[in-house]
Amino acid sequence: MNGNQASTASVQSSGGSVVDGPSASTITSHSSNGGARTTSSEDDSASQSNGETQLLEQMQQLSIRQDTTIQSNQPSLPELHAYCQSESLTEHGLRERLSRLNLRVEDSTYDILLFDVCANECVTYEIVQCVIEHVPGAASVKTTGGRTPLHVVCSNKNVTRDIFRCVYVGNPHALQTHDDLGNNTLDYVYCNRRVDDTVVVEIMILFFEEGPNLRSVAIMMIRCGYKFRSPEFCCMLIQALLLLESNWHEVESRPILFDVLLLPDVFNDSVALAVLKMLLEKYPDMLRDFRWNGQSVLHDAALKHLPRAVQVCRSIIRAFPELVLELDEST
């Protein structure tokens, strides 16, 4: 390229016109056509054109190499997929990789990453939040089996209330979404025996705070808790619900505790009495002090014409004989 520029300079004046005469170093070439003359300016013009073409090609090659370098710094989807499934997954590593990725909000290709981290036992609140920040619509996607990321994270042994809430906030509708087998997210939580009962209760309470039809759902969840987990868990959930109940149930509605112990369509007699026995062992003060419209558990049981009501009264009186003489507000 420099040689071409030097040649051009030697045959052009400052005004750019071709200079004639011997001082211009005119070159005569005898050819087979009878001695046609070719000047150096014509040769230099062709040489300049070739030089410009080479320059353009070099610039294009440089641009391609730059683009390739930029693209090579961006992690591919298979690489991210593998990393999100690996035991080396960390918030810092994931954030660093995603920061090098040019994602569009509508790009659903990377939604699978949220499924990956929700299934990974290395999952943390920060990791889930990182994916949702970079792929905002990921929480709303379903698998071919109808599962959402919330279903998946509920199956993870390291799920926590905060992780559950993070995924839930990304897609509140997932709370009531059923997979193709008819299971909702709480079914996954209940059947996940690897999660501590305390964590499951915390998730249940979050569900009751956020979900619709709280009282009917609470009764159903108490029944499921007894069936799928344990009587101990059932009592733990009842105790937690009683702490919340005054904030959201209607004044005219019967308390959950009364229904659990005395409504036959909630539990049969043997289960209800087993729950009562465990409540007396674990939460005696709660049973003794609980009041609804001025009535204790003993008052409510004494009003019921059920075979189990007699046994409930006996158990309560044996534990708290002082309640026998207590008057309700209506007396």
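The structure is a predicted model, in which local features need pLDDT of at least 70 and side-chain atom pairs count only at pLDDT 80 or more, while totals for chains, interfaces and linings use all residues. Residues are numbered from 1 along each chain as its sequence is written, and side-chain values use heavy atoms, with hydrogens and water left out.

The chain has 17 helices and 0 strands; helices (H or I, at least four residues) and strands (E, at least two) are DSSP runs numbered from the N terminus. Of the 331 residues, 41% are buried, meaning under 20% relative accessible area with a 1.4 Å probe, protein chains only.

In helix α3 (residues 77–85), the buried residues are Leu80, Tyr83 and Cys84. They lie on the same side of α3, because their arc around the axis is only 95 degrees, taken from the directions from the helix axis to the C-beta atoms. Their cover includes α4 (91–99) and α5 (112–119).

Helices α14 and α17 pack at an angle of about 10 degrees, with their axes 10 Å apart. Axes are lines fitted to C-alpha atoms over the stretch in contact, and angles run from 0 to 180 degrees between N-to-C directions. The two helices are therefore roughly parallel, a term for angles under 35 degrees. The table lists the residues in contact (heavy atoms within 4.5 Å).

| Helix | Residues in the contact |
|---|---|
| α14 (residues 269–282) | Asp269, Ala272, Leu273, Leu276, Leu280 |
| α17 (residues 307–319) | Pro307, Arg308, Gln311, Val312, Ser315, Ile316, Ala319 |

Methods:
Angles under 35 degrees count as roughly parallel, over 145 as roughly antiparallel, 65 to 115 as roughly perpendicular and the rest as oblique. Buried means under 20% relative accessible area, exposed over 50%, partly exposed in between (1.4 Å probe, protein chains only).
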